[in-house]
Each structure stands twice: as structure tokens, then as C-alpha cells.
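Biologist: Before I use the labels in your description, I would like to hear what stands behind them. Please take them one at a time.

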Amino acid sequence: MNQRLPVQGAQGDLLRLVATGKAESRAELARLSGLAASSVSLRVEELIDAGLLAEEGSGTSRGGRRPRRLRLSPGAGVLAVADLGAHHVRLGLLDLSGAPLVIEERGCEIADGPQVTLDRIADAFDELLAAHVPPSVPLRGVGTGIPGPVDPSSQRVVTPSRMPGWNGFPVADHLAARYDLPVLVENDANLMAAGEARWWPGSENLMVVKAGTGIGCGVIVNGRLHRGRGAAGDISHVRVRSDSSIVCACGHPDCLEAYASGAALMAALQESGIEATRTADIVTLVDDAIPEATSLVRTAGRRIGEVLTVLVNFFNPDVVAVGGSLSAAEPLLTSIRAAVWERCLPLATRDLEIAPARAGRDAALLGAGTLLLEAALKVTS
Ligand SMILES: [Zn+2]
């Protein structure tokens, strides 16, 4: 069953406060929303009637009246989210609080093009829904991460690397035609940043680097994802200093991605006669102490770190979190740290944390849940 969330303006804000765990009672909702207690109560009753919220603990205890605890109704709905990689897709179902109900990974070649790939994802969603969600619980939104730039106004993919056939494809329209629900299409590093932000309470400004087949970065400013005009955080085509010259897939020479991405390292390894077809292979080679691999990863980390020095000085974040499949190669983070500590202003690095990402491999799916709930609540019926 597909159904848009039947909420409007302030009601949506109240539902989100409960869904994200920020409020558990009517009093907390009144305090956080700034609405009058009477108007909070009216809207909470409507949300309960709509089957979205439940209230428990309404009895009295010996110590006096216990506050009733608000929570999401288990039947409030689910979100279907995916994170598309070059050769696989991770996908799953979340409840409206963003808690995973089921997550799995399937093989999926992005080079097969958008129609085939997106239909494969949608078929997988349908299978998961049939297997894990009672028919009475509605699907409330669909979202996917894309390993390339996404225009936030049209939700189309714009000049991606290594994604033949995807340029300009209306990803959101394609999914919306199948589901008629709020659809989120977002760059994968942005989703990862949104998911990671929940793991750094107290840190409002983060840069989250995704080092995988490509290189991406998501930026959290004052606790919220900063998209800019869509390309914010895209560090892959920043020019790096080099004695040699490599032309990047974008046509310009010496982009960071042409030197330090998993794809670039795999190409370099293959030139030395060492087999590596996935970034995980690079990590294995480093773990096996193959000197060419270790040296390449170390150099990649230094190059990423050199680009980050400019950004850390400029943006001065609380945290630089490094994730993505290549980040499991230990020398990467060490070299990034060394470059940033060496070159950045002392004031910029004084309280800066450069650390492995905390949210794990499902960061992007969790981020998709957060952003999709926001998108679903913006829709008024
Ligand atoms: Zn480039």
C-alpha cells in the first residue's frame, strides 16, 4: 500500500519531533515547537486518530499522574531506501524514526543504465515490502543515493563519472511514476553525511569524506546538510599538484579523483601487474602488506589531505569523518591526518577531530531515511 503522509505544516513538525526522538510528551512538543499546549493537544489527537502516533502510560501511579509517552505508531508507515554503488546496491526498509527493519545488499551493475537499474531497485523494494511489512502498513516514501552529482531542483543526475547513460536522466520522475509518493534522489556522499551527523551529537559542522571507487564529500553546516546549488562538497575534480599529468574522466588534467579514487588506484595497480577489480581488493592488498598497494594508498591519503587542508582552513569544521570502502585501508586516514595537521592553521586544528566514520556501511541508508522523512512531511494533502 502506497500512501502519502496525511499531515500539514505544524502537524508534520510535531510528528517529526516524535519520530526523531526529540520529544516524548505533549509538554516537550509544546516547548520545542513553540505552539500553545492546547494547539499541540489538538494536533496530537489528530495524529493519533490518523494512526500515526500512539500514546502509552496514560494511567496514574502512586507518585501522582505519570506523563503519557508519545511514540510513533508501529503502523505509521515505512520508507524504502537504497544506496547505489558501481557494482552493487544496498537497500532496505526503515520505519519513520529511521530504524532499519531490514537491510540487504544485491549485485547491480550501474553501467546497465538508469531504467534497468532503477527497475531492479524498485522490484527489490516490492519484494522486501511483501516479505517484511504487513499489507496494512503503508509505504510513505522512496529514496536512493546516486554515486554522482544530482541537481536538487530537478533530481536529475548531472555529468556523472563511470555511469554511462545516466547523464540528465530524470531519476525521481522515473521512481515517482511507479510509486506516486515523495521521492528523494541525492548524491551518495550527501546521504552518508546526513547519516553520519546523527553519530556526532554536539558537533554541528562536519565534513564527511567518502573514499570509495570515486571520491565524494558531504558537508553538514549547523547540523543540517549543506547542498549549495547541488555540488557542495564535491571535491573530486579539485586540481592537485603533480609532476606528471593524468587526464580525468571530466576532461581536465590532474583532478583529485584521477589520482586518489579507488578507480585510479585500481588502474595504477593493474599497470604494475597486480589484479584489483574492486576497492575491497585494494584493502586486502594493503592488509597483506603488498608494498605497491600500501604506497598508493598512502599517496592517495596525502593528496586527499592536501585538498582538505584548504577546506579545513576555510570551513573550520568540528569533525572530518572519513568513510567509504577505501577508508578500511588503514594508511589512508593516517596520511590524511598527517597532511591536515602539517598544513592547517593551529586554530583550525586545535579541536578538530579527524576520525573514521562512525555510522558504518549503512550511513547512507540512515541519511536517506532522515532526509526522506523531511521530504515526506513537506507534502501537504
Ligand atoms: Zn575531473
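Predicted model: local features only at pLDDT ≥ 70, side-chain atom pairs only at ≥ 80, totals over all residues.

Biologist: Which atoms coordinate the zinc ion?

Modeller: His 237 (ND1), Cys 248 (SG), Cys 250 (SG) and Cys 255 (SG) do, at 2.0 to 2.3 Å. Donors are N, O and S atoms within 2.8 Å of the metal (3.2 Å for Na, K and Ca), and sites may look incomplete because water is not among the atoms. Along the chain the donors are spaced H-x10-C-x1-C-x4-C.

Biologist: Why is the site of the zinc ion called tetrahedral?

Modeller: Four donors count as tetrahedral if all angles lie between 85 and 135 degrees. The angles among the 4 donor atoms here are 105 to 117 degrees, so the site is tetrahedral.

Biologist: What makes Cys 255 buried and His 237 partly exposed?

Modeller: Buried means under 20% relative accessible area, exposed over 50%, and partly exposed in between (1.4 Å probe, protein chains only). Cys 255 has 2%, so Cys 255 is buried; His 237 has 35% and is therefore partly exposed.

Biologist: Why is Thr 294 called buried?

Modeller: Its relative accessible area is 16%, so Thr 294 is buried by that cut-off. Thr 294 lies in helix 10 (residues 291-315); helices (H or I, at least four residues) and strands (E, at least two) are DSSP runs, numbered from the N terminus. Not counting residues up to four places away in sequence, Thr 294 touches Val 286, Ala 289 and Pro 331, where contact means heavy atoms within 4.5 Å.

Biologist: How do you know whether helix 1 is roughly parallel or antiparallel to helix 13?

Modeller: The axes of helix 1 (residues 9-19) and helix 13 (residues 363-378) cross at roughly 160 degrees and come within 9 Å. Angles under 35 degrees count as roughly parallel, over 145 as roughly antiparallel, 65 to 115 as roughly perpendicular and the rest as oblique. Helix 1 is therefore roughly antiparallel to helix 13.

Biologist: What makes helix 1 and helix 2 oblique?

Modeller: Helix 1 and helix 2 (residues 26-33) pack at about 120 degrees, with their axes 10 Å apart. That angle falls under the rest, so the two helices are oblique to each other. Leu 14, Leu 17 and Val 18 of helix 1 make the contact with Leu 29, Leu 32 and Ser 33 of helix 2.

Technical notes
Residues numbered from 1 in each chain as written. Heavy atoms only, no water. Tetrahedral: all angles 85-135°; square planar, octahedral: opposite > 155°, others 65-115°. Axes fitted to C-alpha atoms, helices over the stretch in contact; angles between N-to-C directions.
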